[in-house]
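Here's a quick briefing to read alongside the sequence and the 3D view. Have a look at the structure first, then work through the notes below.

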Amino acid sequence: MAGTTNTSLRKGRKSTYGLLSPAILWLILFFVVPMATLLKIALSTKPDPWLPNYTFAWEWGNFSDAVSRFSSELYRSFGYAAVATVLCILIGYPLAYFLAFRAGKWRSLLLGLVMVPFFTSFLIRTIAWKTILGRNGPTIWFLEHAHLTGVTDFLRLTSNGSFLGTPQAVIGGLTYNFVAFMILPIYVSLEKIDINLLDAARDLYDVPAKAFRKIILPLSLPGVFAGTLLTFIPAAGDYINANLLGNANTTMIGSQIENLFLSESNYPAAAALSFIFMAIITAGVLVYARVLGTEELSA
Amino acid sequence: MSTPQAVQTSPITGPGTKPVIEIDHVSKEFADFTAVKDANFSIVEGEFFSMLGPSGCGKTTTLRMIAGFETPTSGAIRLQGEDVSRVPPNKRDVNTVFQQYALFPHMNVWDNVAYGPRAKKLPKEEVAKRVEELLGVVRLSDFATRRPGQLSGGQQQRVALARALVNYPKALLLDEPLGALDLKLRQGMQLELKRIQREVGITFVFVTHDQEEALTMSDRIAVMNVGNVEQIGSPREIYDHPASVFVAGFIGQANLWVAKVVERTGSTTTVEVAGRRLDVENDRSGLQVGETGTFMVRPERVHIDADAAHPERWTVAATITELVFQGPVVRYEARLADGSTVVAHVPARRDGLPIPGDVVKASWSDDACVLLPGVPAPTKSDTAADEA
């Protein structure tokens, strides 16, 4: 195997770049150029408050302005996304475990069911929740007739007899929309595990729960890691759930960026906020990857 | 052919006679089939015991019941006299070497081997002492910090052995542990396993479908077929005196003919085979005069002589139909006058070997003849395939 790798490498400086060139071109056109443009806008000033124009001026103050003006949205975005990610793990891990080890002949069907929501647009599904959970929707109707709104208020599922317009609703929407991105990578990593390892651990004097903690959990961490990235990053940047299921007190960073771009036409501020958001996520992911040290597991 | 009781061709032999594992009338039924039917035998201390049979014969299910991964439907399994039929595997003093080794891929060799002692909460120094000792026994001391993925198949195999043996179990259970290795390595590991077993003195219960492997390593073999234990005995007994047509065909190769018992005098039984009369000495088949059974001669006991008939052997004229050079031996197929085929394994020599078409004398001595109860399956009345 080493031999073939060597020859293909030796043969292929030129052909390797040749094969990569479409991807590199794509990356330059659709990533490097837009990012450079965005950075340029983020460093611009806005001379006329009523017009959507800007002039480049090395305006670093845009970044600090964005942080101080939108700090609560930043906190909220990462907070909601973190809670939703944890919920996704709590829901997704057992489900993935069941799919990988217990589902038997039902496995394909159940995996299909996990994917079924993707056949409908993300936006439409979220709007559907708005109808289902809304003031005039079936859930509230049922709760009111069953006189359970007091109970759900107490459990913090509703506030003043309403599901919508609460942080819980936004977090619930995020969890619902992204849980599949947690289930699938965890399922893939669990499915690769030789089930005989559990027998081996039991044979070596561990009860199943301990065997799970010492064998299955560490071996499935790469899946949890991938699932967390796939869930946390889009959840933090999401604004559909916040706009449709929340209220003015639950706006997330995505809604603010949208506002700045579309309503205020303040392109420099919007671009600066986008950049800060990306920087925080990138830093967070690097720290997370270092802490979990997943490369070590693949050996 | 299915015998309800396993034929014990000899009393329990082996280094000791104290039973470690007793399989007491154990049956295992799954939803749609019976995997093990009334298995009843015991395995003694320090013995290398093999369960041999084709796939689906119940050998692995029996092993998994001893390990605790399956629960018998009826009967009891006793470990040093104590009924463990319903004790979970983590509370049983036996350890398993799994077919695909099942090493923990995220732990290095040392941690893999230390898994059991740590789970048992042995003191640190004791864990270290045992792990070092066993890594020495399997000759992997230099590989302690490697991950299983960085080891060869043979090395992984030895890690699996060390990981099980480090617990000093009452018996070590091995589920086709050599199946994944190539032939050369497998033969090396067979001897290595024997050496390790002698060194640690622990009872080995070995499951295999490879008759040669079982013959090479075992003190005793239980031959199993479709859930039944057909015969238990030393390799020699099982080979020389198979208790059934199945055993005769599964262990090595055999020439089989339908035979009718016509006379019994003293230790000699006279049978009629293919229209001729033959004497069988010390028959153990239990067939009565007038009953039909199977007459067996091993191919390596058949002589093929081009020239004269041997005076002390039973001789028949045959026409060579096929000659296969197999290295140390030449495999002949020859047709007898009645149309049946006889297979002979003849030591390869440089010259003087008959070739297909030659009419030769096929012969064997009286002590090569064995009489078996039951009749051979019609489709393979001449030889049974050698299960590799």
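Let's start with chain B, which is divided into domain 1 (8-245) and domain 2 (255-387), with bounds that come from an automatic or database domain assignment. This is a predicted model, where local features need pLDDT of at least 70 and side-chain atom pairs count only at pLDDT 80 or more, while totals for chains, interfaces and linings use all residues. Residues are numbered from 1 along each chain as its sequence is written, and chains are lettered from A and ligands numbered from 1 in the order in which they are written.

**The two domains of chain B**
- The centres of domain 1 and domain 2 of chain B, taken over C-alpha atoms, are 37 Å apart.
- Seven residues of domain 1 of chain B are in contact with nine residues of domain 2 of chain B (in contact means C-beta atoms, placed from the backbone, within 7 Å).
- On the domain 1 side, that splits into three nonpolar, four polar and no charged residues (Ala, Val, Leu, Ile, Met, Phe, Trp, Tyr, Cys and Pro count as nonpolar, Asp, Glu, Lys and Arg as charged, and the others, Gly among them, as polar).

**Where chain B meets chain A**
- Here 18 residues of chain B are in contact with 16 residues of chain A.
- Strand E7 (94-97) and helix H2 (109-119) of chain B are the elements that give two or more residues to chain B's side (helices, H or I, at least four residues, and strands, E, at least two, are DSSP runs numbered from the N terminus).
- H2(B) provides the largest share of that side, three residues.
- By class, chain B's side has nine nonpolar, seven polar and two charged residues.

**A helix pair in chain A**
- The axes of helix H10 (residues 208-237) and helix H13 (residues 267-292) of chain A come within 11 Å and cross at roughly 165 degrees (axes are lines fitted to C-alpha atoms, for helices over the stretch in contact, and angles run from 0 to 180 degrees between N-to-C directions).
- That angle is why H10(A) is roughly antiparallel to H13(A) (the term covers angles over 145 degrees).
- Among the residues making the contact are Leu221(A) and Phe225(A) of H10(A) and Phe277(A) and Ile281(A) of H13(A).
- The contact of H10(A) with H13(A) has nine nonpolar, one polar and no charged residues.

**How confident is the prediction?**
- The model scores ipTM 0.79 and pTM 0.78.
- Chain B has a mean pLDDT of 86, with 91% of its residues at 70 or more (pLDDT is the predictor's confidence in each residue, from 0 to 100).
- pLDDT stays under 50 over residues 10-15 of chain B, and under 50 again over residues 379-388 of chain B.

Definitions and conventions. Contact = placed C-beta atoms within 7 Å. Parallel < 35°, antiparallel > 145°, perpendicular 65-115°, else oblique.
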